[in-house]
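Me: I would like to learn how to read a model of this kind step by step, starting with its sheets. Could you give me the general idea each time and then the case at hand?

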Amino acid sequence: MKIAEIKILNRSGLHARPATRFVQLTSKFKSSIQVCKNSKCVDAKNILKVLSLGVDHGDLVVIKIEGADEEEAYRNILDLLLNTLPVEDR
Amino acid sequence: MIVFKGIPASEGIAISHILKYQSKMTIEAPQDCKASERELERLNEALEKYKTHMSELLGIIDESEKDLIQAYVLMAETLLYEAREIIENSNLCGELALKQVLEKYLVLMEESGSELIALRKSDLVDVSLAILEYMRGEVVSRDKITARDKIIVAEELTPTLFFRLKRAGIKGIITVKGGVTSHVAILARTYGIPYVIVPSLEVLSVSDNALVIVDGFEGRAVINPPSELVEEYSKKASVLSELGDVLKRYAYRVAKTLDGYNIAVLCNIGGIEDARVASTQGCDGVGLFRVEYLYMSTHPPNEDVLINSFTRVAGFFENKPVVIRAPDLGADKPPPFLSIREDNPLLGLRGIRLLLEYRSEILKPFLRSFLKAYEQYNNLKLMIPMVTKPSEVYEFLELLESVAIDIGFTDLGKVELGIMIETPASAVFIDKFAKIPLLKFVSFGTNDLTQYILAVDRTNPKLMNMYNELEPPVLRVIGESVEKALKHGLKVEICGELASKPVAIPILLVLGFRILSINPRYVGLIKYIISNLELKQFEHLREKVLNADNASVVEDLVIGTLRDYNVDLRLILLFSKTRSPI
């Protein structure tokens, strides 16, 4: 299992658009992926569950990935949250 | 004429007739119902129709909004996926199943405690309403709305409705509910449609077709305005729409005069969502974070709430300064949890006076929260409101020191502390304040300062023509005070409305201001003016404006000098007070 603790850097947190990007990415992998905030964990492939977590700019989240492609998922998810999304928002 | 004061959600000016729009935001479903044999098919068909409709929208919207459509489709798919499971397990009809799923997530989003996510609940409602329309075989979404050139007045709008209304050619929006970071507000800003949120149901009782001015700069809706006002605003609207793109470009640049003086243009904000938007509009930081809103409830806020607000706002601005003003309660903003009755609240228990009076209930928790937030974000600065005597600042500092000791905070020397100069006493006595250790900056609050110098209530309509921050006595007090402050090594800022007025900019610069804090809607306008001036050509104005007879002479002096510059004079004239617009 791969676990990462990440501070959310994009200005609008994981809301509609960024959450969609996140879910579209996580859904590409076979591994089971969870996203957690304040020790509440939800299925990272379900947009409604991700939205209801209320992840905002500056929040700490934990990503848990388990499965055959966990290495690749880990790399891609971190890249999206730490690089792509923060660069895209202005 | 009726004037509604509200929140400016999208800048710009629109003048037109009202179209009231009854937006349905509740899901109507039968209390009890059975799934038909085709229930799952009905659901799938509705989803397919919804997707088709959304892909049609893709053709008419900006590239930047396309991922919003994708988000909506994904939300729809996920909602229906869960609704399907309910139908299979319980035999409920599709409408009720969908309603159950929706309600479950609305509750979860509400509980998440994020203001932004609460605003985004309308996205889910939007998706669900559309699906239900398709399930019932209604084709409302394809209706052509006749709204060309209208100003929409509604309780609330959804993004889907926005797209339809936009396609129908609306000119402006007024809603009762919503926020500056709701999707509708974001879309309105993207498409340049002026939008004001008026949080009062009264606005819904205005008559259809009445004339209205939507002022998305000041956050005002004026119903049935007199013809002079319409004329004034029409001129503003046409100049601003002509120059809108130019001003927007300037917003994201550094403001530098033609002769090389860098001017920091910070913003005044009043909440987390406000800050989120301001941080994308070119503000060089926050010169005034008004925190009074946190105190407008039946209890003082707890420290977690305060720390959360301070750190979130600081986080949006990363390496830029964020000045938090200790709450200026009392006067026109008495907190509901204190019963203060005064004959003359503007001269009463307010600002620092109130904070010292209620030190254990209000001031100490505030200071503890500030220091804890500062430990995470040292771009935060602290400012004290409504000071008149140095002893008040010393008392404040003693409390700050004792709170710091309590929580083991050792870096007090690094915290930048400032006072707001908004009383004549503090302006005149600034050299005495300058001797206070730890005091690093002063910020002129010109609204109250002008009221107190001129003895004019700025909210009294009978005195409208008497209240003007450019009256020479006001400028003299400010000018002399700034000079002394600079001589004593204090940093000097201004956060009153004067700094958002184009005609005042050359004067403020020659008086010595290099840091302005303004209404975020004006960042482009003010940076544009600064960037097209040569400061040394205005130096001679200093003596002249301080010795002018009145404010209109002051404005004439500025406008006369500005004629030699590449600044569109219409902008100055439109926003000036004593000159009639062009």
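Reply: Two strands are taken to pair if DSSP finds at least two bridges between them, and helices (H or I, at least four residues) and strands (E, at least two) are DSSP runs numbered from the N terminus. In this case chain B has an open sheet of eight strands, with mixed pairing and the order β1-β8-β7-β3-β4-β5-β6-β2. Because β1 (2-5) and β2 (7-10) of chain B stand at the edges with a single partner strand each, one side of each has no neighbour in the sheet. From one strand to the next the twist averages 25°, where axes are lines fitted to C-alpha atoms, for helices over the stretch in contact, and angles run from 0 to 180 degrees between N-to-C directions.

Me: Before we go on, what should I keep in mind about the numbering and about the kind of model?

Reply: Residues are numbered from 1 along each chain as its sequence is written, while chains are lettered from A and ligands numbered from 1 in the order in which they are written. The model is predicted, and local features need pLDDT of at least 70 and side-chain atom pairs count only at pLDDT 80 or more, whereas totals for chains, interfaces and linings use all residues.

Me: How do I read the two faces of a strand?

Reply: In a regular strand the side chains alternate between the two faces of the sheet. In β5 (residues 172-175) of chain B, B:Gly172 and B:Ile174 point one way and B:Ile173 and B:Thr175 the other way, and all are buried; a residue is buried if 20 or more other C-beta atoms, placed from the backbone, lie within 10 Å of its own, exposed if 12 or fewer, and partly exposed in between.

Me: Which strands does α8 of chain B lie across?

Reply: Helix α8(B) lies across β3 (13-21), β7 and β8 of chain B, and runs at about 110° to β3(B). B:Asp245 lies in this helix and is exposed, because 10 other C-beta atoms lie within 10 Å.

Me: How many residues of helix α19 of chain B are buried?

Reply: Eight of the nine residues of α19 (residues 523-531) of chain B are buried, so the helix is mostly covered by the burial cut-off. Among them are B:Val523, B:Leu525 and B:Ile526. The buried residues pack against elements of chain B that include α8 (227-251), β10 (262-269) and α22 (569-575), contact meaning that C-beta atoms placed from the backbone lie within 7 Å.

Me: How is the contact between the two domains read?

Reply: The C-alpha centres of domain 1 and domain 2 of chain B lie 37 Å apart, and the contact takes eleven residues from domain 1 and nine residues from domain 2.

Me: Which residues of chain A have a positive phi without being glycine?

Reply: A:Asn38 is one of them, with a phi of about 50°, and A:Ser39 is another, with phi near 60°. A:Asn38 lies in the loop between β2 (32-37) and β3 (40-43) of chain A, and A:Ser39 is found in the loop between β2 and β3 of chain A. A:Asn38 counts as partly exposed because it has 13 C-beta neighbours inside 10 Å, while A:Ser39, with 6, counts as exposed.

Key. Contact = placed C-beta atoms within 7 Å. Domains from an automatic or database assignment.
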